[in-house]
Each structure stands twice: as structure tokens, then as C-alpha cells.
Amino acid sequence: MSEPSGSAQALSPRGDEAETAGLVVSNLSVHYGGVRAVNSVSFTVGAGQCVGIIGANGAGKTSTLKALMGLVPRRAETIRFGEVDLTKVRPNDVVRHGIGYVPEGRHVFPGLSVEKNLLLGAYVRPWKGSTRDTLTEVFTLFPMLADMRHRLAGALSGGQQQMLAVGRALMSNPKLILLDEPSMGLSPKLIDDILTVLQKLSAAGHALLLVEQNAKLTFEATATCLVMENGEVAMTGTATDLKTDHRVRQIYLGL
């Protein structure tokens with residue numbers, strides 16, 4: 001796979017809200033029947049900030065992202081993005097408020113071309129010059145997508161599909177991007193490529209909320225991290241502090 005190149009600067013969030021939009025989550029809980037998946041989780045993601053959530057499988061990370069998108073039943077004191085109360089926004093309208101979502105497992109449309117997959121990510125925008133420009137910018141960030149623009153998404157490798165999923169989220173011109181396990185199933189080389197992309201997006205001004213089991217990637221990509229255990233935030237701190245904290249090994253690795 002071609003290594004990501006170019007600059008994400010042209011993909012910087014546009015609009016007056018780009019400077020002020022931040023995510024505030026207070027006392028978020030998710031239950032599946034009688035099973036508690038997330039319990040009273042609170043955190044913030046400032047404008048242009050990159051925050052990570054790590055934890056073992058089943059810690060509640062994915063459920064947290066799905067709750068933010070309104071994809072699972074939830075209770076919360078606050079879920080606010082900028083001036084928007086997301087608890088009152090339907091799931092199909094969340095993207096319209098500047099939030100992009102890269103789900104676990106990529107979920108590209110295998111029977112459609114790379115280019116059509118990307119254009120579907122721009123469904124909240126009218127087809128005009130700015131959308132065409134964003135498509136060009138995504139192809140600049142991911143040259144391999146440009147080379148494969150007419151290839152069916154189902155014929156791509158796992159790493160290529162992951163880049164496509166990120167590019168599709170960028171097509172809506174989001175201010176905040178939620179990423180769920182983007183390194184899952186990828187080789188160390190492709191994980192490095194993902195890290196490069198995340199760093200470029202962060203430098204371009206996007207706010208990122210990264211959910212990962214890969215602690216090394218998370219600590220390198222983010223400034224602030226949350227460690228989740230059994231549906232709760234067990235620890236919060238800087239990536240620098242957490243990666244050397246023996247309690248993270250206890251919580252995350254069960255040591």
C-alpha cells in the first residue's frame with residue numbers, strides 16, 4: 001500500500017464554528033438490556049485536540065462512540081458539541097453537525113468503487129466546487145485511493161479499506177472525527193501509516209477521539225488519554241504519563 005503523503009492542511013475544518021466546537025460528555029451510560037456497558041463516563045475533547053480511549057476488549061470503548069452517534073440507547077447529563085445538544089439530534093443528522101465517524105470494521109460498500117464510497121461520505125453536502133475540492137484533497141492525502149478510484153472497494157486490502165473509511169469520513173468536512181479501532185488487523189507498517197494520517201489530521205486542526213486496543217498507537221497519536229475498565233473511566237492523564245504508569249499495565253494488561 002502506498003504510504004500516505006501530501007498535507008492534510010487543505011482538509012482543515014471550515015466555517016466559523018471550527019475554532020470553537022468542542023465535545024463535552026457528562027455522565028454517559030449505556031445499557032444493553034440488563035447489561036451495563038458504559039457507566040457514568042465523562043470527558044471532553046477540545047477543538048483541535050486529539051484524545052484517546054484505551055482499554056481491553058469489552059471495556060465499553062465502542063459502546064461509548066456508538067452512544068455519541070446515537071446508535072445505541074443511552075442516558076447522559078450532557079452530550080454537547082459546540083452549541084449543539086446531541087441528545088436531541090437524530091443519529092442520521094449527527095454528521096450534519098460536523099462529526100465524522102469511522103466505525104470498527106470499516107464497513108465500506110464492497111460493490112461500489114472507491115470514488116463512489118468517498119462521494120457517499122459527502123451526502124450531507126451539495127455537490128459543488130467545495131465538495132469536489134475535498135475529494136481532490138482526500139486523494140492527495142491517500143494517493144493509493146486516487147490510483148484505485150475506479151476499483152471496487154471489496155477488492156481492496158484491509159489497510160486500503162481502512163484508509164478508504166477515513167477518507168469517506170473526511171468527505172463530510174467534519175470538525176470532530178470519531179475513530180473506532182482503526183489499527184485492527186493491520187500489519188505494523190500499515191499501523192505506522194495510520195499514525196501518520198492521524199498526526200496530519202490533528203495538525204490540520206481536526207479534533208479526534210480515537211478508540212483503540214493498541215496502546216502504543218494511541219500514546220503516540222494523542223496528547224490526552226482515558227483508560228476504560230468495565231464500562232468506567234479508570235484513569236485519565238497525558239499520554240506521556242500513562243504509558244509509564246504501572247496501573248495502566250494492571251488495568252489494560254491484567255498484570
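Mentor: Helices (H or I, at least four residues) and strands (E, at least two) are DSSP runs, numbered from the N terminus. By that scheme, helix H6 is followed by Gly205, whose phi is positive, near 110°. This is a predicted model, in which local features need pLDDT of at least 70, side-chain atom pairs count only at pLDDT 80 or more, and totals for chains, interfaces and linings use all residues. Residues are numbered from 1 along each chain as its sequence is written, and side-chain values use heavy atoms, with hydrogens and water left out.

Trainee: How many residues does H6 have, and what span is expected?

Mentor: The expected span of a helix is 1.5 Å times one less than its number of residues. H6 has 16 residues and reaches 23 Å from its first C-alpha to its last, close to the expected 22 Å.

Trainee: At what angle do the axes of H5 and H6 cross?

Mentor: Axes are lines fitted to C-alpha atoms, for helices over the stretch in contact, and angles run from 0 to 180 degrees between N-to-C directions. The axes of H5 (residues 158-170) and H6 (residues 188-203) come within 10 Å and cross at roughly 15°. Angles under 35 degrees count as roughly parallel, over 145 as roughly antiparallel, 65 to 115 as roughly perpendicular and the rest as oblique. H5 and H6 are therefore roughly parallel to each other.

Trainee: Which residues of H5 and H6 make the contact?

Mentor: Contact means heavy atoms within 4.5 Å. From H5 come Gly159, Gln162, Met163, Val166 and Leu170, and from H6 come Leu190, Asp193, Ile194, Val197 and Leu201.

Trainee: Is Gln162 buried or exposed?

Mentor: Buried means under 20% relative accessible area, exposed over 50%, partly exposed in between (1.4 Å probe, protein chains only). Gln162 counts as buried because its relative accessibility is 1%. Not counting residues up to four places away in sequence, Gln162 touches Val102, Arg106, Glu181, Pro182, Leu186 and Ile194.

Trainee: Where are Arg106 and Glu181 found?

Mentor: Arg106 is in the loop between strand E6 (99-102) and helix H2 (114-120), and Glu181 is in the loop between strand E7 (176-180) and H6. Arg106 is not a glycine, yet has a positive phi of about 70°. Glu181, also a residue other than glycine, has a positive phi near 50°. Arg106 counts as buried at 14% relative accessibility, and Glu181 is buried with a relative accessible area of 5%.
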